[in-house]
Amino acid sequence: MLDKPKTFPRARLTGTPEALLATLPQVGRLMITAKNLGATHERIGPVETVSFADGWAFVGGSDHESRIELVAIAEMIVDRTSVMKDRAYPRIDLHRADGSYICGIVGFDGLEPFDAAIASFGPGEPLDPKPEPGPAERVEPAATDPGLVTLEAVRESATPVVVGFRQPGFWQVFRGIVETVKPAMGFINIMRADFHLHLKSGAVAEWREVGGERRAVNAEGQELGLYLAPEQPPQS
């Protein structure tokens with residue numbers, strides 16, 4: 001009788017979301033990425049703490065500030081197929097019951113620490129490879145693009161700001177100074193060692209003021225989930 005494989009290239013994991021998310025400090029440097037309507041928000045670095053309260057997982061550390069609602073997680077898929085420049089970037093994708101995407105957790109230190117962290121979950125149920133997306137149209141942002149104009153103003157201010165992202169069952173923020181804003185490959189990009197924002201050209205039609213936040217809204221009036229807010233100084 002043949003032994004079962006220790007891992008599959010892509011598989012559905014069983015187990016509780018709490019148990020899976022509790023392993024993140026063992027993975028090493030990783031990225032938590034979420035996206036909606038042309039906005040992609042990514043925090044990058046080692047996770048230092050994962051705690052649970054009121055039905056949410058709180059992922060923390062000097063490079064992370066994320067919250068994930070546990071009941072929202074209906075499916076956990078591990079994918080080991082991403083390889084760039086001979087380096088593996090394994091990931092776990094979390095999905096809602098309707099199949100929609102909550103967020104992805106991408107290991108930046110290769111397969112060994114990633115697989116060791118989740119070894120107790122077993123190989124999981126094997127899945128077919130994810131279909132390759134077709135080529136996307138790339139349109140460089142105009143100088144008047146509301147996304148570019150506002151992010152450039154944030155950069156020019158050189159003051160601490162909150163760049164947040166909020167979707168059902170998920171919340172994540174960056175707090176700090178935005179030093180650079182780079183249009184490239186059809187996106188407006190903030191690129192730091194601990195934070196990436198990729199905002200598709202034309203994704204933002206306006207910024208709506210709500211409760212002290214500036215929320216990105218598209219041409220159809222839909223909120224992207226991306227928002228900006230002043231960074232409040234710590235209380236003395």
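The largest pocket is lined by 35 residues, and Lys35, Thr40, Glu42, Arg91 and Pro133 lie nearest its centre. A pocket here is an open set of points, on a 1 Å grid over the protein atoms alone, with protein on both sides within 12 Å along at least five of seven lines; lining residues have an atom within 4 Å of a point. The model is predicted: local features need pLDDT of at least 70, side-chain atom pairs count only at pLDDT 80 or more, and totals for chains, interfaces and linings use all residues. Residues are numbered from 1 along each chain as its sequence is written, and side-chain values use heavy atoms, without hydrogens and water.

Strands 2 (29-36), 3 (39-46), 10 (91-95), 11 (101-107), 16 (187-191) and 17 (195-200) each supply at least two residues of this pocket's lining. Strands are DSSP runs of E with at least two residues, and helices are runs of H or I with at least four, numbered from the N terminus.

Elsewhere, an open sheet of 8 strands has the order 4-5-6-14-13-20-19-18, with antiparallel pairing. Its edge strands, strand 4 (49-53) and strand 18, each pair on one side only; pairing requires at least two DSSP bridges between two strands.

Within the sheet, strand 5 (residues 56-61) and strand 6 (residues 64-69) run antiparallel and are joined by 6 bridges, with Val59 opposite Ser66. Strand 18 (residues 206-210) pairs with strand 19 (residues 213-217) over 5 bridges, also in the antiparallel sense. Trp207 has Ala216 in strand 19 as its bridge partner. The hairpin of these two strands has 2 residues between them, and Gly211 takes a positive phi near 55°.

Note on methods: 1 Å grid on protein atoms, 1.4 Å probe; cavity = no way out; pocket = protein on both sides within 12 Å on 5 of 7 lines; lining within 4 Å.
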